[in-house]
Amino acid sequence: MESYFAQSKLLWSPIQPRTAFVEVLRREINRKHGLNLKTYHDLHKYSIEDYTFWLDLWHFLGIISSVPPSKDAILEPGKYPEIPNWFPTARLNYAENLLYRKDDAIALTGAGESGALIHISFRELNERVRAMSTALRVNGLQVGDRVAAIVTNSVNAVVVAIATAAVGGIFSSTATDMGTQGILDRYRQIQPKFIFAETETLYAGKIINLLPKVAEVVGDLSTQGLQQAILLPSRISGKELRIPNMSKSTTLASFLKADDKSPMKFEQLPFGQPLYILYSSGTSGKPKCIIHSAGGVLLNTKKCVKVGYNLSSEDTYFQYTTTGWMMWTFMLTGLACGSRIILYDGSPFHPSVETYLKFISDQGVTTLGTSPRFLSEVQGRGIKPLELGSFESLRTMGVTGAIFTPPMFEWTQEAFGKHVHLVSTSGGTDICSSFVTGTPSEPVYSGEIQVKDLGMKVEVFDPSGQNIEHTGLPGELVCTRPHPSLPLGFWGDESGQKLRDAYFNMYPGVWRQGDFIVVNPETKGLMILGRSDGVLNPSGVRFGSGEIYTIMEQFSTHVDDSLCIGQRRQHDKDERVLLFLKMRPGCKFTPEFEASIKQAIRKGLSARHVPAYIFEVTDIPYTVNGKKIEIAVKQIVSGSNLQPSGTVANPESLQLYYKYRDIESVVGAVKAKL
């Protein structure tokens, strides 16, 4: 256990826990049911033992509905045995819950590299959604129809998503940086009736013309039921650009002329009505189209942001994300808490990361969503955020998307202020929510995710299906009890077989997330050690790549990035560990530097953790959502001929790894140069 938690130390303690929403919820449940729940962990135990918790949560969160849920019908059997139908008698609309505020307070702030800001009030947001939803209706959108989008993180994107939900359609989006094939791999499957698309975008100071890509996508989808493509005006020039000779395309202004000025109407639909289609990473094949329900997304994500982040109508929530990541849909629920949301489109490094950090401080952001990769880059550049701004408003920082190592925890706490509550979370596109998260009522220890999320019966299983979390040994992250944000299924998978293969094949009837996790028996904190299908296993010693990345934080001034994977060869039953390093400009990878890394791993972990080989590479592959691609590289170096999909942000980088199938030749070539 020491190797996992030796670096864990107390970083933060609750300041006023009694005023936190999670404590208010605990006391309310005690009063309602005559219970004596004293801590978060008591509340969690209740939440996974009694399905009444979800009804308690419904009322606590103030979910708006035309037909409230019945205490006698919380869940019933669903289409698949593993996924029940929640609150079958209730009727509600997701959009109505996001638009409950209708005043002149700011709802959305659009921002980007140019420095220009756009402020939209709740009143104006309601009007824009009304106009868009009525135009969609007039043009033929019906309940269950799909609306797709190739959009930036912008006001228009939010309006289209909420308007689609108001009508009862199913919304699905991709970021503008996704390749044509990646977009078609998604949208050919779901056959949208409408597609909204940007025509120009700005990233890293460069204007990107999207019309050729959009024209190709629209032309292809036109043969599969696409009724109309709506081109959004350029956010750079403001001009309404058109696709030449494309009869099915129109401008946003022309589309909105169909608005018949009808009053806002929210279709009242079942809790399990499909709302979003999100996608698996699909780095080595076509992505799975994951269908999420309106009620499940609303209830569980509002729980996450209000009870976990302590988000209120006084807050400003800024999640750095693209529209292709589940965190974009997650972020929208901030509106249901009455919060202002900042929509940032562009690179955080242009014109400079200092400008971006100062923007966060100047905007009075109270809740910031970011990634370990971004924080590591700030640290590696020697930037001190508190010299750029006070960050006095910043109360909560949610960190997700990759492993948040103990050293990075400690640097972040020091860099942004001792008062900031660091919330490390892990969930996934699969559930559009969190399995493990933070809470303002418990302490934070470096490297540890604070708690299991309420209502999520998370356990740690060994290969035989035994719960081993009390031992301090790592295992599979599983969820052994249903919750409302389980996906409704995969689009086109009527039998549910693909769904079972993805999540229920290892432990029948039990959801397996695919993460390698360990619990600290003393603090009850949790650590994600990497993807379980990427677990390293040299000489029978199983460990996650996150343990190596933790050690590599010591070398952040020299190493820009790293990738740790296992290599399996046909002639050898054992697996060997390979570590690839991308050096910072001006820093050299020398035999002496390699030896220092191996010594640090040997000292910090054990001799058996030391990689068999360490190599310098010029690039590390990432998905368009900013996640390291370990599994594909593992497959490549182990002999697979992989065809990268459109979700790989830098697909050319994968070519760098094919030569490592024959490591002996690579090593020989290096020695020859020396």
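**Close-up 1. Phe 87 sits in the loop between β4 (83-86) and β5 (91-92).** Everything here comes from a predicted model, where local features need pLDDT of at least 70, side-chain atom pairs count only at pLDDT 80 or more, and totals for chains, interfaces and linings use all residues. Residues are numbered from 1 along each chain as its sequence is written, and side-chain values use heavy atoms, with hydrogens and water left out. Helices (H or I, at least four residues) and strands (E, at least two) are DSSP runs, numbered from the N terminus. Is Phe 87 buried or exposed? With a relative accessibility of 0%, Phe 87 counts as buried (buried means under 20% relative accessible area, exposed over 50%, and partly exposed in between, using a 1.4 Å probe and protein chains only). Setting aside neighbours within four places in sequence, Phe 87 is in contact (heavy atoms within 4.5 Å) with Trp 54, Leu 55, Trp 58, Pro 69, Ala 73, Ile 74, Leu 75, Phe 271 and Leu 299. Now look for Pro 270: from Phe 87 it is 183 residues away in sequence, yet 8.2 Å away in space, C-alpha to C-alpha.

**Close-up 2. Helix α2 (residues 21-33) packs against helix α4 (residues 52-61).** Two packed helices are described by the angle between their axes and the distance between the axes. For this pair the angle is about 120° and the axes are 11 Å apart (axes are lines fitted to C-alpha atoms, for helices over the stretch in contact, and angles run from 0 to 180 degrees between N-to-C directions). That makes α2 oblique to α4; angles under 35 degrees count as roughly parallel, over 145 as roughly antiparallel, 65 to 115 as roughly perpendicular and the rest as oblique. The crossing of α2 and α4 is right-handed (a crossing is left-handed if the near helix is turned anticlockwise from the far one by less than a right angle, and right-handed if clockwise). On the α2 side, the contact uses Phe 21, Val 24, Leu 25, Glu 28, Ile 29, Lys 32 and His 33, and α4 brings in Thr 52, Phe 53, Asp 56, Leu 57, His 59 and Phe 60. Sort the residues of this contact and you get 7 nonpolar, 3 polar and 3 charged (Ala, Val, Leu, Ile, Met, Phe, Trp, Tyr, Cys and Pro count as nonpolar, Asp, Glu, Lys and Arg as charged, and the others, Gly among them, as polar).

**Close-up 3. Helix α8 (residues 180-190) meets helix α9 (residues 211-221).** These two pack at an angle of about 30°, with their axes 10 Å apart, so α8 and α9 are roughly parallel to each other. The crossing of α8 past α9 is right-handed. Which residues make the contact? From α8 come Thr 180, Ile 183, Leu 184, Tyr 187 and Arg 188; from α9 come Lys 213, Glu 216, Val 217, Asp 220 and Leu 221. They split into 5 nonpolar, 1 polar and 4 charged.

**Close-up 4. Gln 191 lies in the loop between α8 and β10 (194-197).** Gln 191 isn't a glycine, but has a positive phi of about 45°. With a relative accessible area of 40%, Gln 191 is partly exposed.

**Close-up 5. The loop between β23 (426-428) and β24 (433-437) holds Thr 429.** Thr 429 is buried, at a relative accessible area of 17%. Leaving out residues up to four places away in sequence, Thr 429 touches Leu 278, Tyr 279, Ile 290, His 292 and Met 326. Cys 432 lies in the loop between β23 and β24 too. Its phi is near 50°, a positive value in a residue other than glycine, and Cys 432 is buried, with a relative accessible area of 0%.

**Close-up 6. Helix α15 (residues 406-416) is largely enclosed by the rest of the structure.** How many of the 11 residues of α15 are buried? The count is 8: Pro 406, Met 408, Phe 409, Trp 411, Thr 412, Gln 413, Ala 415 and Phe 416. After α15 comes Gly 417, whose phi is positive, near 120°.

**Close-up 7. A cis peptide bond joins His 350 and Pro 351.** Omega for this bond is about 0°. You'll find Pro 351 in the loop between β19 (340-345) and α13 (353-362).
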